[in-house]
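Work through the exercises below with the sequence and the 3D structure at hand. Each task is followed by a solution in steps.

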Amino acid sequence: MSIKSTILGFPRMGSDRQLKKLVEGFWSGKVTEQELAEGSKQLRADHWALQASYGLTEVPVGDFSYYDHVLDAAFAAGIIPERYQQVDNAGTQAYFAMGRGLQNKSIGIDVPSLEMKKWFDTNYHYMVPEVADNQVFSLHSTKVVDEFKEAKALGYAARPVVLGPVSLLALSKTAKGSSTKPLDHLASLIPVYVELFGQLAAAGAEWVQVDEPVLSLDLDAAVYQPAFAQAYAEFAQISGLKYLLTSYFGRLGDNLSWAATLPVHGIHLDLVRGAADLDSALEVIPADKVISAGLINGRNIWKANLDKQLATLAKITSARQSAAPVWVSSSCSLLHSPHSLKPEAGHLDEETLGWLSFAEEKVEEITILAAAIADRDSVAKQLQRNAANVLSRQQSERITRPAVQQRLAALDESSYTRQAAFNVRQAVQRDTLKLPLFPTTTIGSFPQTAEVRKARAQFRKGALSQEEYLQFLDVETRKCIEWQDEAGLDVLVHGEFERTDMVEFFGEHLEGFVFTKRGW
């Protein structure tokens with residue numbers, strides 16, 4: 001049986017935050033639009049080369065974004081609210097205005113960004129498209145086609161990634177002053193996707209990954225089943241193009257039975273968050289459809305248990321021996337994982353490094369699974385090392401401490417009972433602190449001044465000794481407290497000048513936390 005190894009997407013930021021530097025440089029006027037485009041093109045090429053170096057059969061393209069992939073999809077479909085169309089002839093500046101707002105008095109523009117919302121149950125946030133009653137859709141951007149051509153020219157087997165039309169509209173909102181629901185406009189949007197897919201087919205694409213993550217939600221089948229059927233029946237008319245229907249972040253559940261009947265050529269299963277779907281999927285997904293097995297967790301930082309996932313893969317291949325090929329993939333896009341563990345060597349201890357797996361390492365895990373199902377002996381050493389690392393984490397007292405477990409087990413009813421009633425505690429507090437009825441305070445941190453940031457940078461570089469740095473912080477803290485006292489505040493704070501970040505500061509002083517050097 002043919003086993004393809006691939007991923008649903010890759011982190012876009014870069015190993016050294018190259019994209020962040022390019023985009024922020026563009027915003028500040030230090031990077032031209034051409035330099036932004038050229039730098040981003042090089043970053044994409046670097047990421048494809050990295051994926052191919054581990055032996056992925058196919059790399060995803062179109063997963064790269066300057067700002068947000070949902071914004072990309074809306075922009076490409078011409079879902080550009082009128083207030084942004086005056087910006088840059090609805091070009092790159094308008095795109096960024098939709099993402100972060102734009103205030104430019106010299107040209108008389110002052111527009112806020114689109115609303116931002118959590119991307120399902122992740123910590124990622126997407127820009128919410130606005131669909132008006134009089135919405136006119138058009139193919140405003142061929143970004144995914146252009147990036148597919150880039151990858152093809154470099155010799156990579158590439159698969160375009162597109163946010164599907166049903167999910168795009170389901171994740172959108174009704175524009176202010178309008179009354180129609182975004183999904184009411186599906187029939188008008190479908191021709192734009194047909195045009196886009198036609199261009200991809202003409203460019204030589206064989207497969208398109210159509211992301212429809214709303215399939216992981218509890219959908220009203222009476223509304224969504226006909227919507228999906230309508231869209232994908234139109235897509236099926238495009239000659240020579242195959243579609244991988246992709247969902248993630250959970251089970252397809254009740255949606256699986258009808259999703260399996262859609263005229264697509266493959267279905268992706270998130271077998272990390274939606275493993276309970278597997279038996280049903282093996283029964284209802286037709287033999288002529290590819291099953292893409294999302295076995296490597298795309299949204300955590302831990303090494304996968306490859307033996308366990310290999311058993312799942314073997315179950316799939318055994319059940320599909322005479323069926324269409326099986327693909328091994330990430331559960332979702334690796335967008336949600338840090339880029340690579342390589343910069344952490346020498347920074348984190350060896351034991352911790354052995355437990356972790358970032359995006360680059362997850363790509364390798366996928367290729368190991370694909371190789372193992374064909375010839376386990378060919379990757380026996382990698383599997384042995386993985387098993388040892390997984391066992392190390394399970395047994396380590398850095399993860400589970402017997403003494404802590406014993407203390408927890410010893411808790412009883414009295415452990416949850418206050419020693420004194422509230423009115424008693426309140427009286428003691430009032431007598432001790434002697435605060436006025438309405439005390440004044442700043443609550444927390446004072447601004448990290450340029451002098452504080454400079455001293456911290458010098459300390460980290462070794463230009464300032466620890467004694468000198470602590471003395472500096474002591475002076476700044478005293479100044480801060482004296483200022484509050486002179487201002488007449490009742491409850492004083494010390495300013496927190498020693499902290500770069502509150503969470504990081506406390507984590508560094510607690511056992512059980514480690515901090516990466518380049519965990520982005």
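**Exercise 1.** State the accessible surface of the chain and the part that belongs to carbon and sulfur atoms.

Solution. The model is predicted; local features need pLDDT of at least 70 and side-chain atom pairs pLDDT 80 or more, while totals for chains, interfaces and linings use all residues. Residues are numbered from 1 along each chain as its sequence is written, and side-chain values use heavy atoms, without hydrogens and water. By the Shrake-Rupley method with a 1.4 Å probe, the accessible surface is about 26600 Å². Carbon and sulfur atoms hold 51% of this surface.

**Exercise 2.** Find how much of the chain is buried, meaning under 20% relative accessible area (1.4 Å probe, protein chains only).

Solution. The chain has 520 residues. Of these, 47% count as buried.

**Exercise 3.** Describe the largest nonpolar core, where a nonpolar core is a set of buried Ala, Val, Leu, Ile, Met, Phe, Trp, Tyr and Cys residues joined through side-chain atoms within 4.5 Å.

Solution. Begin with the count: this core has 98 residues. Next, find the members that touch the most others: Trp 119, Leu 168, Phe 197, Leu 200, Phe 228 and Tyr 243. Finally, a second, separate core has 24 residues, including Val 23 and Phe 64.

**Exercise 4.** List the contacts (heavy atoms within 4.5 Å) of Phe 228, leaving aside neighbours within four places in sequence.

Solution. Phe 228 is in contact with Val 166, Glu 212, Val 214, Leu 215, Trp 258 and Leu 262.

Definitions and conventions: Buried means under 20% relative accessible area, exposed over 50%, partly exposed in between (1.4 Å probe, protein chains only).
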